[in-house]
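Dear colleague,

Please find below the structure that I am handing over to you. A summary of the findings follows it.

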Amino acid sequence: MTRQRYCVVGGGISGLVAAYRLRMLVGEDADITLFDPADRLGGILRTERLGGQSMDVGAEAFVVRRPEVPALLAELGLAGRQISTTGVRPTIFSQGRMHPLPADTVNGIPTSAASVTGLVDDATIAQMAAEPNRPLRWQPGADPAVGAVVTDRFGGQVVARSVDPMLSGVYAGSAATIGIRSAAPTVAAALDAGAPSLTDAGRRALPGSTQGPVFGAIEGGYQVLLDELVARSRLRWIPTSVTHLAPDADGWNLRDDEGQHWYADAVVIAVPAPRLAPLLADVAPTAAATAARIPVASAAVLALAVPGGTPLPQQSGVLVASGERLHAKAITLSTRKWGARGNAELLRLSFGRFGDQVARNTSDADLQAWAVEDLQSVFGTKVEPLDFLVHRWLDAMPQYGPGHRELTAGLRTGLPPTLAIAGNYLDGIGVPACVAVAGRAAEHVAKPTIRR
Ligand SMILES: Cc1cc2nc3c(=O)[nH]c(=O)nc-3n(C[C@H](O)[C@H](O)[C@H](O)COP(=O)(O)OP(=O)(O)OC[C@H]3O[C@@H](n4cnc5c(N)ncnc54)[C@H](O)[C@@H]3O)c2cc1C
């Protein structure tokens with residue numbers, strides 16, 4: 001019997017989980033070949049050394065209220081490496097000063113006027129208090145921009161100072177560009193179910209228990225997980241880009257950017273949406289056109305090591321309201337958030353929002369100068385960096401605009417059974433969603449090939 005051959009295109013967390021799941025499903029004898037032209041595997045998961053410590057300069061955390069990442073770590077024998085935040089909280093920087101992060105919100109959508117008192121003006125508080133009594137028009141199944149709904153019900157300040165800071169952290173987007181069904185799916189579901197006001201929908205949507213940490217991370221950084229996935233999947237890494245995909249007999253013919261051809265019984269494509277379109281152009285032209293319509297944002301992360309003892313507050317970081325005179329959209333006080341692991345204090349600042357060119361066009365020197373300036377403005381502390389590094393994540397963050405769900409449903413239909421897609425533009429941008437989607441993609445292509 002000939003060995004089964006599987007190809008995975010893209011070596012971020014989506015591709016690596018797909019390769020690992022394939023190995024579990026198809027057994028030791030199959031060939032699993034993974035293509036990625038980057039200098040190392042992991043995509044947006046990237047652990048560097050800074051100030052003598054490990055530091056993630058892409059994703060740094062995962063939501064622990066979703067099961068996927070803790071379950072994967074446990075399955076790989078890495079549960080002992082999972083760490084929690086120290087318990088310190090983030091703040092919001094608005095109107096030139098810091099405010100506590102509002103409690104009891106759904107992705108920044110408040111469920112009472114009390115939670116945003118001090119963050120917004122009195123007129124907004126009055127509008128929010130009266131909101132449950134104003135008739136609400138809602139079309140079940142609708143997916144308007146979350147900003148449009150919240151502005152209408154609670155006013156623009158709530159959007160700029162509570163919702164935008166959350167969404168610019170997650171998507172490098174804003175309430176104007178993200179649909180309510182992606183930003184706050186439980187609120188949309190409560191509105192579909194007949195909630196008479198946004199306040200009521202938010203209350204119904206709040207998780208039953210908000211106790212316990214929201215975020216986890218990995219001691220030693222995401223690299224620990226990546227290494228284990230690579231080892232367990234026993235993949236062969238080809239450091240090239242796949243440029244073309246075509247059906248071939250019972251399977252697939254892939255061409256890479258060095259002109260080499262590769263054959264596979266089944267393929268998982270786990271590249272970012274803009275890179276998917278050309279690969280599907282001949283195989284599934286409608287899906288290719290759909291992928292090309294998903295807008296993307298870029299972000300730059302500047303990681304800094306400063307001397308231990310630098311006076312920084314006991315908080316995990318700062319989310320920046322829109323319209324503030326700061327360059328960064330978010331600041332993470334990594335050492336405060338995860339605990340000290342060395343003498344230096346680590347911080348990271350993120351720059352760039354959907355629609356701007358900041359991540360692409362600003363020099364490393366300018367980003368560093370901006371960071372020092374912003375830290376002085378926010379904390380009143382003049383930091384003296386011991387070391388810094390910049391990483392740019394270009395076109396890396398898909399925007400889950402209004403109607404995104406229908407868009408991605410269209411992407412999947414029309415794909416042949418031995419071809420599946422995975423990635424952060426499908427069912428959620430976070431690492432847990434990527435892990436879930438990649439597992440399903442591996443199962444999807446393994447089934448028909450195992451039966452043969
Ligand atoms: C700055 C930043 C911070 C984030 N923070 C968090 C966080 O704290 N928590 C969280 O849950 N999520 C976070 N996210 C989101 C999350 O990290 C990503 O959505 C996720 O890692 C994407 O993984 P992926 O494998 O789908 O894509 P990617 O990581 O983008 O990997 C795709 C890979 O495909 C390769 N590729 C592209 N084209 C080709 C081709 N033609 N042939 C072969 N290979 C190709 C690329 O080189 C790349 O390695 C963050 C994202 C960013 C940008």
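A polar side-chain atom of Asp36 lies 2.6 Å from an oxygen atom of the ligand. Please bear in mind that this is a predicted model. The backbone also takes part: an N or O atom of the Val431 backbone is 2.8 Å from an oxygen atom of the ligand, and a backbone N or O atom of Phe35 is 3.4 Å from a nitrogen atom of the ligand. On its own the ligand has 1,000 Å² of accessible area, of which the protein covers 87%.

Turning to the surroundings of the ligand, 33 residues form its shell, and the closest of them are Ser14, Asp36, Ala61, Ile429 and Val431. At least two shell residues come from each of helix H1 (13–26), strand S21 (387–398) and helix H16 (431–451). H16 provides the largest share, with three residues.

A separate point concerns helix H8, which spans residues 198–205. Which residues of H8 are buried? They are Leu198, Thr199, Ala201, Gly202 and Ala205. These residues lie on the same side of H8, because they cover an arc of only 165° around the axis.

With kind regards

Key
Residues are numbered from 1 along each chain as its sequence is written. This is a predicted model: local features need pLDDT of at least 70, side-chain atom pairs count only at pLDDT 80 or more; totals for chains, interfaces and linings use all residues. Side-chain values use heavy atoms; hydrogens and water are left out. Buried means under 20% relative accessible area, exposed over 50%, partly exposed in between (1.4 Å probe, protein chains only). Helices (H or I, at least four residues) and strands (E, at least two) are DSSP runs, numbered from the N terminus. The arc is that of the directions from the helix axis to the C-beta atoms. A residue is near a molecule or strand if one of its heavy atoms lies within 4 Å of it. A polar contact is a pair of N or O atoms within 3.5 Å; within protein, one must be able to donate a hydrogen and the other to accept it, and residues adjacent in sequence count only if both atoms are side-chain atoms. Accessible areas come from the Shrake-Rupley method with a 1.4 Å probe; for residues, only the protein chains shown count as cover.
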